[in-house]
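Please read them with the structure open.

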Amino acid sequence: MVTRLKAAWSRFAEARPGVAQFVVFFALSNGVTALQLALMPLVKWAFSHTALIDTAFQHWQIGSNTDGSVYYVFDYAAGALPLGGGGLAYFLAVQITILVAQVINFFAQRNITFKSNSSVGRAAFWYLVAYVLITIGAAALQGLYKAPIYDLFIDTWGLGGTGETLADFVTVIINSAISFWVFFPIFKVIFKSDPVTDIASEPSEQKS
């Protein structure tokens, strides 16, 4: 059975290399998302027992909310969710889980999906640039949906701690979805396969 599946996949990958590549990328991305979902509650729980939860992390004002309050790219007000924004504790929990997942994702996508043999250093540099830009963009968007999601699960539906965990999952999935659609075209560029050139040495002439 396994042999047949491998043979069928090989035929499919040969006939539709682009689609097969996207399927592998999708599968690995979902695995990374599952890792983030597992890590997020643990890291967040660890930081929730520190004073960092009462330390505000609000930077890069880019306007105002509809209620007139300041809109920050990184908006983690002091205090536990949903009344507060989780403070520096929540920010670190989010960024640590994303960082761990993306480091794993980098090597998995490079070696398995794209089978790249180009420079690791160059690819890592552009991956880092993309990671920083996507993180900033995702953080700016999070200001639109983070508070309503936590209010819905914790207060409106009255789920308390369970609601907070579910809200964590939803925010991780949204962040992962953003990364998924942005990273694929970026990977296509930075994870190239350079042609391997075989250098044949000419036999030296023998003197008679």
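1. Terms and ground rules. Helices (H or I, at least four residues) and strands (E, at least two) are DSSP runs, numbered from the N terminus. This is a predicted model: local features need pLDDT of at least 70, side-chain atom pairs count only at pLDDT 80 or more, and totals for chains, interfaces and linings use all residues. Residues are numbered from 1 along each chain as its sequence is written, and side-chain values use heavy atoms, with hydrogens and water left out.

2. Second largest pocket. A pocket is an open set of points on a 1 Å grid over the protein atoms alone, where a 1.4 Å probe fits, with protein on both sides within 12 Å along at least five of seven lines; lining residues have an atom within 4 Å of a point. The second largest pocket holds about 220 Å³ of space. A volume here is the space filled by probe spheres set on the points, which are joined across faces, edges and corners. Its lining has 16 residues, with S29, T33, S176, A177 and F180 closest to the centre. Helix 2 (17–48), helix 3 (87–113) and helix 5 (160–190) each supply at least two residues of that lining.

3. Ala, Val, Leu, Ile, Met, Phe, Trp, Tyr, Cys and Pro count as nonpolar, Asp, Glu, Lys and Arg as charged, and the others, Gly among them, as polar. On that basis the second largest pocket is lined by eight nonpolar, eight polar and no charged residues.

4. Largest pocket. This one holds about 360 Å³. Of its 19 lining residues, D75, Q142, G143, K146 and A147 lie nearest the centre. Strand 2 (70–76) and helix 4 (120–156) are the elements that give two or more residues to the lining. Helix 4 has the largest share, seven residues. By class, the lining of the largest pocket has 12 nonpolar, five polar and two charged residues.

5. Nonpolar core. The term means a set of buried Ala, Val, Leu, Ile, Met, Phe, Trp, Tyr and Cys residues joined through side-chain atoms within 4.5 Å. Buried is under 20% relative accessible area, exposed over 50%, partly exposed in between (1.4 Å probe, protein chains only). The largest core has 39 residues, and F74, Y90, F183, F187 and F191 touch the most other members. Helix 2, strand 2, helix 3, helix 4 and helix 5 each give two or more residues to this core. Helix 4 gives the most, 12 residues.

6. Contacts of F74. Contact means heavy atoms within 4.5 Å. Leaving out residues up to four places away in sequence, F74 touches F57, Q58, H59, W60, F91, I136 and A139.

7. N105. This residue sits in helix 3. N105 counts as buried because its relative accessibility is 4%. Beyond its neighbours within four places in sequence, N105 is in contact with V32, Y127 and F187.

8. Y71 and A80. Y71 lies in strand 2. With a relative accessible area of 10%, Y71 is buried. A80 is in the loop between strand 2 and helix 3. A80 is partly exposed, at 45% relative accessibility.

9. Annotation. An unreviewed UniProt entry places "transmembrane region" at residues 88–108, 124–145 and 165–184. UniProt positions follow the numbering used here, feature names are shortened, and annotations may be inferred rather than shown by experiment. In the model, residues 88–108 are 100% helix and 0% strand, with end C-alpha atoms 30 Å apart. Residues 124–145 are 100% helix and 0% strand, with end C-alpha atoms 31 Å apart.
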